[in-house]
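Dear colleague,

Please find below the structure that I am handing over to you. My findings follow directly after it, and I would be grateful if you read them with the model open.

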Amino acid sequence: MKALSIARCRSEKKLLALINEIFPSATPGFGENDVYFLATLDGEDAGFLHLILHSKGVLLQGIGVREKFRKKGIGGGLMDTALEFAQKENADILLKVKPSNTDALNLYAKKGFSIRKVTDAYVLHRKRCN
Ligand SMILES: CC(C)(COP(=O)(O)OP(=O)(O)OC[C@H]1O[C@@H](n2cnc3c(N)ncnc32)[C@H](O)[C@@H]1OP(=O)(O)O)[C@@H](O)C(=O)NCCC(=O)NCCS
């Protein structure tokens, strides 16, 4: 059985390597409101989660799993981490997703998100659990 670990990460170098591989044109921020988690599988960097603390709640700014590690539950594990984080902050979560991104939409739907606004991207929302 492979060992999945998900933990807070403050190493910009590690995160940038991963983010640039998954989203080559991204320019992620590393300010005081940016919170990152790194998922490792058997010690290998496999995926990341980027949350931004916002006055209106938690913005899920980015989530990505390297291609060879997909469909093993890592994205689900990262989403559970986001939900736990928002729960602790007593905050709702918002995120944007392209309507064509069915892998991501399936994942978000499984985790209880619903579409709140439709623009060029969907804006999804998940209410805090009380
Ligand atoms: C969206 C994304 C993060 C999902 O990550 P992931 O690690 O593949 O997610 P999971 O493995 O938890 O779930 C994906 C699927 O694998 C299935 N799965 C999970 N564990 C599994 C296992 N052990 N064996 C077989 N299937 C499994 C899940 O049921 C799910 O199936 P579904 O798509 O039919 O619902 C990933 O596809 C990704 O990084 N995409 C590119 C970046 C991106 O688009 N990010 C979102 C931008 S908004």
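Two strands count as paired if DSSP finds at least two bridges between them. Helices (H or I, at least four residues) and strands (E, at least two) are DSSP runs, numbered from the N terminus.

Two remarks on provenance are needed before the details. The model is predicted: local features need pLDDT of at least 70, side-chain atom pairs count only at pLDDT 80 or more, and totals for chains, interfaces and linings use all residues. Residues are numbered from 1 along each chain as its sequence is written.

**Overall architecture**

The protein chain has 3 helices and 7 strands, and from the N terminus its elements run β-α-β-β-β-α-β-α-β-β. For 130 residues, a compact globule would have a radius of gyration near 14 Å, and the chain agrees with this at 14 Å. That radius is taken over C-alpha atoms, and the globule rule is 2.2 Å times the number of residues to the power 0.38. The C-alpha trace spans about 35 × 30 × 30 Å along its principal axes.

Of the 130 residues, 25% count as buried. A residue is buried if 20 or more other C-beta atoms lie within 10 Å of its own, exposed if 12 or fewer, and partly exposed in between, with C-beta atoms placed from the backbone. Among contacts with a separation of 6 or more, 56% link residues 24 or more positions apart. A contact requires the C-beta atoms of two residues, placed from the backbone, to lie within 7 Å.

**Strand β7 and its partners**

Strand β5 (residues 93-97) is joined to β7 (residues 122-126) by 5 bridges, and the two run antiparallel. Within this pairing, Leu95 has Leu124 as its bridge partner, and Val97 stands opposite Tyr122. Strand β6 is also antiparallel to β7, with 4 bridges between them, and a hairpin of 3 residues joins the two strands. Here Ser114 is the bridge partner of His125, while Lys117 stands opposite Val123.

In a regular strand the side chains alternate between the two faces of the sheet. Strand β6 is hardly covered, with 0 buried residues among its 5.

**The ligand shell**

Around the ligand there are 17 residues, and the closest are Arg70, Lys71, Gly73, Gly75 and Gly76. The elements that give two or more residues to this shell are β4 (57-65), α2 (74-89) and α3 (102-110). The largest share, 4 residues, comes from α3. By type, the shell divides into 7 nonpolar, 6 polar and 4 charged residues. In this scheme Ala, Val, Leu, Ile, Met, Phe, Trp, Tyr, Cys and Pro are nonpolar, Asp, Glu, Lys and Arg are charged, and the others, Gly among them, are polar.

**Individual residues**

Lys71 lies in the loop between β4 and α2. Although Lys71 is not a glycine, its phi is positive, at about 65°. Lys71 is exposed, with 9 other C-beta atoms within 10 Å.

Asn90, in the loop between α2 and β5, also has a positive phi, near 55°. With 10 C-beta neighbours inside 10 Å, Asn90 counts as exposed.

Leu107 is in helix α3 and is partly exposed, with 18 other C-beta atoms within 10 Å. Leaving aside neighbours within four places in sequence, Leu107 is in contact with Gly75, Gly76 and Met79. Leu107 and Lys14 are 93 residues apart in sequence and 25 Å apart in space, C-alpha to C-alpha.

With kind regards

Technical notes: Near = placed C-beta within 6 Å.
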